[in-house]
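Reader: Could you take me through this model slowly, and tell me each time what a term is set against?

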Amino acid sequence: MNTRSHVLELTVTPVQVEGVIKALFHTILLHRTTGKYSYANPSSGTFSVGTVGVEDVDCTSFDFTYVRCASEELDEWLGDKIKGFTSSLCQQGGTNSGKISLEFFERKKARWLLPPEVVNWEVWHLHLVIIEPSSDQGWHNHTMQLANSLPESILYICEVMNRPEYMPQNPTYENLPNIYDTRFTTIQPYLHNVTYELTGESMAGAVRKLFRNTFAY
C-alpha cells in the first residue's frame with residue numbers, strides 16, 4: 001500500500017506558529033474522526049456509531065476561525081505534541097524553518113510471534129518558515145499573505161477529504177484498536193501521530209547573514 005503524502009507550506013511569525021498548526025491539524029483530524037463505536041454484540045460484528053460534536057475556534061494571534069472536534073482531550077493531546085516543535089522553532093532566532101507532520105496509520109497483523117506492523121496510509125507535512133517583520137509595512141504585507149494562504153490550505157484539505165481514496169475498513173470488535181485511537185471519551189479518530197524536525201535557516205537567510213558578517217568589519 002502506498003502512503004498518500006500532502007504538503008502544506010506557510011510563512012508565519014513566532015506568535016502564530018501554534019495557532020496555524022492547530023488550525024490545520026484540527027481541520028484534518030475533524031475529517032479523520034468518527035463517533036465512538038458501540039458493539040451491542042461483539043461477536044456479531046454489528047455496531048452503532050456515536051456523533052461527533054464540533055465547535056468554532058477563534059485564533060488569538062491572527063484573525064481566523066476554524067472548526068474542530070468538540071473534544072478538550074484531543075486539543076490537549078495535540079497541544080502536547082506540538083509544544084516541543086513550537087518552542088524549539090521560535091527559540092532559534094533569525095529566519096528559520098521546520099517541518100511538522102501528522103501521520104495516520106494502521107496496525108496490521110504480522111507473522112507468528114512478531115508484533116503488529118505499523119503502516120502509514122496518509123501523511124500531512126506542514127512546512128513553516130519563521131519571519132519577524134521589522135516594519136509596519138512588513139507586518140501588513142505578512143498579515144495579508146497569511147489571510148490568503150491559510151484559507152487556501154484549509155480548502156485544499158477539504159478538497160482532499162472528498163476524494164475517493166483508500167481508507168481503512170470498518171474493523172471487527174477485536175481489531176478496533178488497530179484502526180482507531182480509542183483513548184478519547186467521546187470521539188474516535190483514526191490512529192495518528194505527530195512528528196517534527198527543524199531545518200534551521202533558509203538558504204536566503206544564510207546568505208544574508210554571510211553578507212552582514214562580511215561587511216561588519
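**Pairs of charges and a helix**

Author: The side chains of R183 and D181 meet in a salt bridge, with 2.8 Å from N to O. This is a predicted model, in which local features need pLDDT of at least 70 and side-chain atom pairs count only at pLDDT 80 or more, while totals for chains, interfaces and linings use all residues. Residues are numbered from 1 along each chain as its sequence is written, and side-chain values use heavy atoms, with hydrogens and water left out.

Reader: What makes the contact of R183 and D181 a salt bridge?

Author: The term asks for a side-chain nitrogen of Lys or Arg within 4 Å of a carboxyl oxygen of Asp or Glu; the N to O value for R183 and D181 is 2.8 Å, so the pair meets that definition. Side chains of opposite charge can pair when their charged atoms come close.

Reader: Why is D181 called buried, and what is R183 called?

Author: Buried means under 20% relative accessible area, exposed means over 50%, and partly exposed lies in between (1.4 Å probe, protein chains only). D181 has 5% and is therefore buried, whereas R183, at 48%, counts as partly exposed.

Reader: Which residues does R68 meet in salt bridges?

Author: R68 meets E72 at 3.5 Å, N to O, and also D75 at 3.1 Å. R68 counts as buried because its relative accessibility is 9%, and D75 is buried with 11%, while E72, at 48%, is partly exposed. These three residues belong to a network of salt bridges that also links E18, K22 and E55, and the structure holds 13 salt bridges.

Reader: Where is the kink in α2 centred?

Author: The kink, of about 40°, is centred on I82, where the bend is the angle between axes fitted to the seven residues ending there and the seven starting there. Among the buried residues of α2 are I82, D75 and W77.

Reader: How much of the chain counts as buried?

Author: Of its 217 residues, 41% count as buried, and the chain has four helices and 10 strands.

Notes. Helices (H or I, at least four residues) and strands (E, at least two) are DSSP runs, numbered from the N terminus.
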